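Reader: Hi! Could you walk me through this one?
Author: Happy to, here it is.

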Amino acid sequence: MGRGSGIRTFLRRRLNIPHIALMAQLDDARAVATAIAFALPLAHAHAQPAARTLVADMSAVQGPRDLFWQDSVGADHGPLMLRPANQAQLRRVCREIGFKYVRFHGVFTHTHVYRESHGAAVYDFSTINAIYAAVLRAGMKPFVEISFMPEALATGRKTIFYYTANGSPPKDYGKWAALIRAFARDLEAHFGRTEVESWRFEVWNEPNLDGFWTRGDQQAYFHLYDVTARAIKAVDPALAVGGPATAGAAWIPEFLRHARTVGVPVDFITTHTYGVNGGFLDAGGHSDVELSPDAGSIVDDVLRVRRQVDAAGLGRTPVYFTEWSTSYNPRDPVHDAYISAPYILEKLKRVAGAVQAMSYWTYTDLFEEAGPPPTSFQGGFGLINREGIRKSAFFAYKYLDELGPEVLRNSDPESWLTRGGGGFSGLIWNYTPPHQTVGDRSYFRQLHPAEPLAPVRLEISHLQPGSYELSAFRTGYRRNDAYSQYIAWGLPANLTRKQVARLQRLTGDPAARMTIHVGASGRFGRSIPMRTNDVVLIKLRRVSS
């Protein structure tokens with residue numbers, strides 16, 4: 001048995017991988033082929049079309065990598081941040097992905113922040129301070145969403161969500177302004193002025209929807225924004241405040257015109273977008289929506305908002321999409337499916353440079369808008385399920401964090417090629433939208449095996465000669481794909497401890513590794529097998545000259 005065959009046999013046994021191919025081109029005088037496990041099943045033996053080719057010139061740097069995707073991530077409502085399981089998962093996404101800010105609803109809901117005694121306001125910020133302290137301990141910063149209305153200050157009694165958030169205006173805007181000033185002063189007293197000045201303050205959540213703001217009244221929201229923003233700035237002009245935090249990328253031109261007319265400060269713009277057809281809100285997760293096949297889904301919203309802000313003469317004003325995902329439905333199984341990984345990368349690549357943050361909604365399935373998660377995989381928004389199992393979507397972000405700090409010039413739309421520390425990192429994917437004739441709830445509760453594609457040929461030039469550790473990671477069907485195994489088990493309501501351990505092993509993200517030598521030509525090449533909706537991370541780390 002030859003050396004290459006021995007490597008293949010070892011990796012097949014160690015990683016339970018049926019087949020893999022890797023071609024390493026060394027110096028001009030002695031180009032050789034070697035093999036490394038790539039976590040890909042054998043394709044059907046029919047003719048494949050011409051390979052897709054990626055050319056990475058290590059001397060052709062486009063510029064520093066834009067980390068807008070890493071800026072922030074979403075969570076559910078404030079009090080959940082005090083639970084140990086939520087905190088543990090927050091620490092994990094901070095550690096493994098590097099998210100900087102976390103945004104969540106309802107910091108004024110069930111936190112005892114406001115009551116009245118004989119008509120006078122009484123404040124208690126102790127629970128809010130504990131929530132934000134937990135965020136800081138996790139290594140992140142709060143993206144403060146100022147919501148919802150404290151019960152003692154609300155004009156109405158209509159609520160939304162399992163945790164009864166009140167979306168009505170205040171009965172007294174003077175008392176609301178006083179609460180906001182007291183809130184800002186307390187934060188700076190408790191956490192320090194310099195720290196709080198690094199936070200962001202967003203006014204409300206999706207006020208264009210009746211469920212979140214009474215009748216979705218635009219003018220009433222504008223008044224709320226004016227009062228809130230001025231109250232914040234009265235405490236500290238350096239505190240950053242923005243809005244309108246709308247669903248469906250709505251109200252941006254109107255909001256900017258209003259702000260200019262009345263002279264109210266706007267330090268950043270926020271809004272939301274989701275990738276399904278129809279609607280904006282499904283509080284109980286009862287509808288059966290469908291992932292949009294439109295290539296412009298998500299992307300068109302982002303680019304339109306950027307144009308609207310630029311047209312208002314505010315080209316330097318940051319645009320933060322403080323919620324985005326495949327679906328706004330909290331019980332949509334597309335969130336669990338392996339297709340979410342390339343979907344995330346596809347959308348992020350196409351909006352790079354137009355937006356300062358794309359805050360994925362959310363980091364965890366420990367989330368209670370529609371009530372506590374009823375099953376182990378129930379279509380929850382999270383990157384991590386309730387038992388702490390990383391979904392395929394998690395790995396899209398994890399791989400992004402593994403890329404180098406400098407982007408190489410690259411015309412391929414489904415890849416990011418980077419360099420850093422004398423090495424190379426490349427993230428390569430395929431996104432093939434599903435051909436659905438039914439809604440997500442039916443479609444994504446069935447197994448959908450990937451189809452073979454033409455291989456990707458990666459050619460790297462201008463590498464420094466020497467030895468490199470080559471590592472390869474893959475996410476796709478049955479690769480870092482807990483949900484397909486869950487479907488194969490019959491969608492059990494609750495996983496056993498043995499099943500949880502099995503899924504943790506299946507999503508352990510094993511790397512195929514080997515050492516290769518790059519000769520004086522500085523060239524390296526290889527062929528990467530691909531299937532529909534695969535995501536592959538390739539890393540070359542120089543270990544010696």
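Reader: Why is strand β12 largely enclosed by the rest of the structure?
Author: Of its 7 residues (268-274), 7 are buried, so β12 is largely enclosed. Buried means under 20% relative accessible area with a 1.4 Å probe, protein chains only. Strands here are DSSP runs of E, at least two residues, and helices are runs of H or I, at least four, numbered from the N terminus.

Reader: Nice. Where do I check how far to trust this?
Author: This is a predicted model, where local features need pLDDT of at least 70, side-chain atom pairs count only at 80 or more, and totals for chains, interfaces and linings use all residues. Residues are numbered from 1 along each chain as its sequence is written, and side-chain values use heavy atoms, without hydrogens and water.

Reader: Which way do the β12 side chains point?
Author: Phe 268, Thr 270, His 272 and Tyr 274 point one way, while Ile 269, Thr 271 and Thr 273 point the other.

Reader: And what does β12 pair with, β11 in the parallel or antiparallel sense?
Author: Parallel, over 4 bridges, with β11 covering residues 240-246; strands pair if DSSP finds at least two bridges between them. Pro 244 has Thr 270 of β12 as its bridge partner. β12 also runs parallel to β13 (residues 319-325), joined by 6 bridges, and Tyr 274 stands opposite Ser 325 there.

Reader: Switching topic: how many residues of helix α10 are buried?
Author: 9 of its 11 residues (392-402) are, including Phe 394, Phe 395 and Tyr 397.

Notes: Buried < 20%, exposed > 50% of the residue type's maximum accessible area, 1.4 Å probe, protein only.
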